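Keep the sequence beside the structure as you read.

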Amino acid sequence: MAGELPEHFKCPISLEIMSDPVILSSGHTFDRSSIQRWLDSGHRTCPITKLPLPDHPILIPNHALRSLISNFTPLSPTPIPNPTPSHSQPQTLISTLTSQASSSSSKLDSLQQLTRLANRDSLFRRRLTDSGIVPPLLSCVDSDDHDHDSLRDKALSLLLNLSLDDHNKVGLVAEGVVSRLVAIISGTAAGTPSPDCRAIAATTLTSLAVVEVNKATIGAYPHAIESLVSLVRDGKGREKKEAATALYALCSFPDNRRRAVECGAVPVLLRSVDCGLERAVEVLGVLAKCKEGREQMERFHGCVQILSRVLRNGSSRGVQYALLALNSLCCGSEVASTDAIREGLLETCLAFLEDDNEKVRRNASALLQNLRGNNRIS
């Protein structure tokens with residue numbers, strides 16, 4: 001039977017069908033026992049890519065692949081120790097979500113019960129994912145039921161909850177969660193996603209992007225970054241803030257900075273900062289690290305003035321990132337340096353040298369040296 005199964009069901013090390021597939025930080029999947037033996041032997045490189053691994057690599061369950069393999073070679077269900085009324089088997093509730101005979105109200109009730117349990121217990125979240133909850137949740141997100149909005153909202157909330165467990169993050173991406181989240185954020189999903197749904201979808205992307213390999217996967221997904229930029233531009237309140245937060249998380253990965261700039265993020269973020277969205281200045285601080293981001297900032301009329309206003313009126317974190325963006329911008333631009341001096345930033349930086357926040361002091365000192373060097377001011 002093993003010969004009839006797809007090759008990707010086999011562990012690259014043992015060449016046997018995987019019983020417990022796990023994902024390494026390199027993005028490749030192995031059977032847990034095989035990769036654990038590799039690591040226990042002292043290896044700290046991926047067996048396939050030969051790239052270095054962390055000192056203590058995390059093995060993330062590949063739930064999607066495990067489910068596919070189980071259709072051919074059924075695995076024993078994940079044991080649930082010491083069941084109690086509050087930790088009953090989730091399979092009954094999951095069955096309600098998958099049954100065509102279930103009413104919208106019964107599905108909604110099941111989602112509420114599962115969410116309540118997942119909120120209280122991280123171990124339950126992991127057991128719930130192992131029980132195959134993700135496909136039914138995605139069906140609720142995709143549903144065109146009359147009570148779609150409520151089901152979608154609860155399903156998205158539970159997906160967000162599941163994503164909080166680091167062991168679930170890569171598996172959720174592998175099971176197709178990103179495509180649904182992008183559809184919600186971009187407004188291309190069935191019906192008209194509510195502002196709350198769009199905010200939750202953006203927050204879930206932020207949670208998934210904690211894992212480095214997910215940053216690359218999400219950033220490369222068609223329209224993912226573009227949809228977040230559009231939500232910062234067109235959204236309201238919480239939507240804008242959560243979209244900016246997701247951009248910040250994704251743009252810590254260098255390739256995503258260029259993607260964000262190509263999607264027009266810089267002018268959108270600067271206008272948002274000017275309208276009071278301080279979270280956007282954090283993204284600008286990261287985008288200013290790439291050449292394309294600095295070029296866009298330099299071309300935006302009033303960029304230095306907008307960032308200067310954050311220095312005068314912003315929170316400590318906002319000031320920190322405004323200084324970071326200004327320093328990157330002024331480092332290669334005499335025009336920006338001249339604008340900064342005209343805005344009185346020499347005096348502002350001097351005042352920040354006494355700030356309680358060490359990062360503010362360090363960024364202010366770097367900008368001060370930059371401005372003095374570019375303009376030969378003693």
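Buried means under 20% relative accessible area, exposed means over 50%, and partly exposed is in between (1.4 Å probe, protein chains only). The model is predicted, so local features need pLDDT of at least 70 and side-chain atom pairs count only at pLDDT 80 or more, while totals for chains, interfaces and linings use all residues. Residues are numbered from 1 along each chain as its sequence is written, and side-chain values use heavy atoms, with hydrogens and water left out.

Start with the core. A nonpolar core is a set of buried Ala, Val, Leu, Ile, Met, Phe, Trp, Tyr and Cys residues joined through side-chain atoms within 4.5 Å. In soluble globular proteins, nonpolar side chains tend to be buried together. Here the largest such core has 97 residues. Ile133, Leu137, Leu228, Leu287, Leu307 and Leu323 have the most contacts inside it. Its largest share, eight residues, comes from helix α19 (residues 316–331). Helices and strands are DSSP runs numbered from the N terminus: H or I with at least four residues for helices, E with at least two for strands. A second, separate core has 13 residues, among them Cys11, Leu24, Leu65 and Ile69.

Look at Leu307 in more detail. Contact means heavy atoms within 4.5 Å. Not counting residues up to four places away in sequence, Leu307 touches Val281, Leu284, Met297, Ala322, Ala325 and Leu326.

Turn now to charged pairs. A salt bridge is a side-chain nitrogen of Lys or Arg within 4 Å of a carboxyl oxygen of Asp or Glu. The whole structure holds 15 of them. One joins the side chains of Asp165 and Arg126, at 3.3 Å from N to O. This pair links distant parts of the chain, 39 residues apart. Asp165 sits in the loop between α7 (148–163) and α8 (166–174), and Arg126 in helix α5 (residues 122–130). Asp165 is buried, at 5% relative accessible area. Arg126 is partly exposed, at 31%.

A further salt bridge joins Glu282 and Arg317, at 3.0 Å from N to O. Glu282 belongs to helix α16 (residues 279–287) and Arg317 to helix α19, 35 residues apart. Glu282 is buried, with a relative accessible area of 6%. Arg317 is partly exposed, with 38%.

The side chains of Arg312 and Glu343 also meet in a salt bridge, at 3.8 Å from N to O. Arg312 lies in helix α18 (residues 303–313) and Glu343 in the loop between α20 (334–342) and α21 (345–352), so the pair ties together parts that are 31 residues apart in sequence. Arg312 is partly exposed at 48% relative accessible area. Glu343 is partly exposed at 24%. Salt bridges that share partners also join Arg279, Glu282 and Arg317 into one network.

Which polar side chains are buried inside helices? Ser272 is one of them, at 4% relative accessibility. Ser272 lies in helix α15 (residues 265–274). A polar atom of its side chain lies 2.9 Å from the backbone oxygen of Val268. Leaving aside neighbours within four places in sequence, Ser272 is in contact with Val232, Lys240, Leu277 and Ala280. Ser272 and Ala244 are 28 residues apart in sequence and 9.7 Å apart in space, C-alpha to C-alpha.

Asn363, in helix α22 (residues 358–375), is buried too, at 13% relative accessibility. A polar atom of the Asn363 side chain lies 3.0 Å from the backbone oxygen of Gln320. Beyond four places in sequence, Asn363 touches Gln320, Leu323 and Leu324. Leu323 is also among the residues with the most contacts inside the largest core.

Finish with helix α4 (residues 104–120). It has 17 residues and reaches 25 Å from its first C-alpha to its last. That is close to the 24 Å expected at 1.5 Å a residue, where the expected span is 1.5 Å times one less than the number of residues. Its buried residues are Ser104, Ser110, Leu111, Leu114, Thr115, Leu117 and Ala118. They cover an arc of only 165 degrees around the axis, which puts them on the same side of α4. The arc is that of the directions from the helix axis to the C-beta atoms. The face turned away from this buried side carries the exposed residues Ser105, Asn119 and Arg120.

Technical notes
A polar contact is a pair of N or O atoms within 3.5 Å; within protein, one must be able to donate a hydrogen and the other to accept it, and residues adjacent in sequence count only if both atoms are side-chain atoms.
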